[in-house]
Amino acid sequence: MHEKRMELYRQVEAATQIPWYYIAAVDQYERNVREARRDLPDPSGTAAIYIKPEEWSGLLNPNHSDNNPASIQFFQGTGFDGNGDGKAQLENDEDVLHAFAQQLLSFGTSHDNIRIGLWNYYHRDKAVGIIMDKAKIYKHFGRLDLDSHAFPVPLRSNHSYKNTWGDARGWGGRRIHEGTDIFAGYGVPVRATGYGIVEMKGWNKYGGWRVGIRDINNNYHYYAHLSGFSEDLKTGQVVKPGQVIGGVGSSGYGPPGTSGKFPPHLHYGMYKDNGYSEWSFDPYPHLRMWERQERIQSKK
Ligand SMILES: [Zn+2]
């Protein structure tokens, strides 16, 4: 599947001069949004960009399943014949990717122009930010296969965690516990759990020293109460599974530098973006799975 997708992205790049990793980033963003939402059909083809039939054919086009490039153009639809078979088909992956690329192309192919083109298409800063970050990740690794994971602390470290999703917590008002606490000693390495980009790094009175990493599936991973950050870690940096980002600590619950108000642990949270909002979900099943996978992997 990844090979087929890469082939498609390369075709679009060759025809439009838009680097493949931007096309890949948009396609992946849309795939994740469609999987997270009930009001959109799940992606069925190799590509996942969703275009409404009436946008494809043109709003005033009486035939919303029109696939004639000439009449689509007449009605100012976005439909496009990308594979040169004389038809602009919404069911054809090449046609859909090329149609999207054509809209970006009208703004230009530089990094900044693509950012403007994406803003014009989505009208949402967060969508543009997530897509540009995905593009950076794809460009960095030069491939689409970025699905492997690591457990956030080394398996050999002395650690424990249980499912505490939704538990009440005492400090900072009536908030529920949005995450899993992994108890371990001070300074035990904290590692990125997936391929992603550092979206946030700094102090927060609840979370202490914390890092937020956005992965390739629109998920945001939140690491809190750290003892500190690994050297050179900065926002905008691309990370891979297992890469050390900091250490376990007990920072937080006060002004910057506050530490020791509770036993050292890593607070690990996960949040999903669906294209217009973001919500937290229970990371516990994922942590169990990554731990198991890594254990199996290490025995090979
Ligand atoms: Zn916690």
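A residue is taken as buried if 20 or more other C-beta atoms lie within 10 Å of its own. The model shown is predicted.

**Figure 1. Overview of the chain.** On that cut-off, 41% of the 300 residues in the chain are buried. The secondary structure consists of 8 helices and 10 strands. The C-alpha trace spans about 70 × 45 × 30 Å along its principal axes. Of the contacts between residues at least 6 apart in sequence, 56% join residues at least 24 apart. Two domains are assigned: domain 1 covers 2-141 and domain 2 covers 159-299. Their C-alpha centres are 33 Å apart.

**Figure 2. The contact between domain 1 and domain 2.** Here 14 residues of domain 1 are in contact with 12 residues of domain 2. On the side of domain 1 that touches domain 2, the elements giving two or more residues are helix H2 (20-36) and helix H7 (125-141). H7 gives the most, with 8 residues. Sorted by class, this side of domain 1 has 6 nonpolar, 3 polar and 5 charged residues.

**Figure 3. The largest nonpolar core.** This core holds 66 residues, and those touching the most other members are Ile23, Ala25, Leu97, Ile131 and Tyr223. H2 gives the most residues to the core, with 9. Both domains take part: at least three residues come from each of domain 1 (2-141) and domain 2 (159-299). In soluble globular proteins, nonpolar side chains tend to be buried together.

**Figure 4. Helix H7 and its packing.** H7 has 17 residues and reaches 25 Å from its first C-alpha to its last, close to the 24 Å expected at 1.5 Å a residue. Its buried residues are Ala127, Val128, Ile130, Ile131, Asp133, Lys134, Ala135, Ile137 and Tyr138. An α-helix has 3.6 residues a turn, so residues three or four places apart point the same way. The buried residues of H7 pack against H2 and helix H6 (111-122), and also against strands S4 (196-204), S5 (208-215), S7 (238-239) and S9 (265-273). Gly142 follows H7 and has a positive phi, near 70°.

**Figure 5. Surroundings of Ile131.** Ile131 is one of the buried residues of H7, and is also among the core members that touch the most others. Apart from neighbours within four places in sequence, Ile131 is in contact with Ala25, Val26, Tyr29 and Leu118. Ala25 is likewise among the core members touching the most others.

**Figure 6. Gly82 in the loop between H4 and H5.** Gly82 is found in the loop that links helix H4 (69-74) and helix H5 (93-105). Gly82 counts as buried because 24 C-beta neighbours lie inside 10 Å, against a cut-off of 20 or more. Leaving aside neighbours within four places in sequence, the contacts of Gly82 are Glu94, Asp95, Leu97, His98 and Ala99. The C-alpha atoms of Gly82 and Asn274 are separated by 28 Å, and the two residues are 192 apart along the chain.

**Figure 7. The annotated span 176-274.** An unreviewed UniProt entry annotates residues 176-274 as "domain: M23ase beta-sheet core". In the model, this span is 0% helix and 53% strand. The C-alpha atoms at the ends of the span lie 22 Å apart.

Key
Residues numbered from 1 in each chain as written. Predicted model: local features only at pLDDT ≥ 70, side-chain atom pairs only at ≥ 80, totals over all residues. Domains from an automatic or database assignment. Contact = placed C-beta atoms within 7 Å. Helix = DSSP H or I, 4+ residues; strand = E, 2+ residues; numbered from the N terminus. Nonpolar A, V, L, I, M, F, W, Y, C, P; charged D, E, K, R; others polar. Core = buried A, V, L, I, M, F, W, Y, C linked by C-beta atoms within 7 Å. Buried ≥ 20, exposed ≤ 12 C-beta atoms within 10 Å, placed from the backbone. Expected span 1.5 Å × (residues − 1). UniProt positions renumbered as here; feature names shortened; annotations may be inferred.
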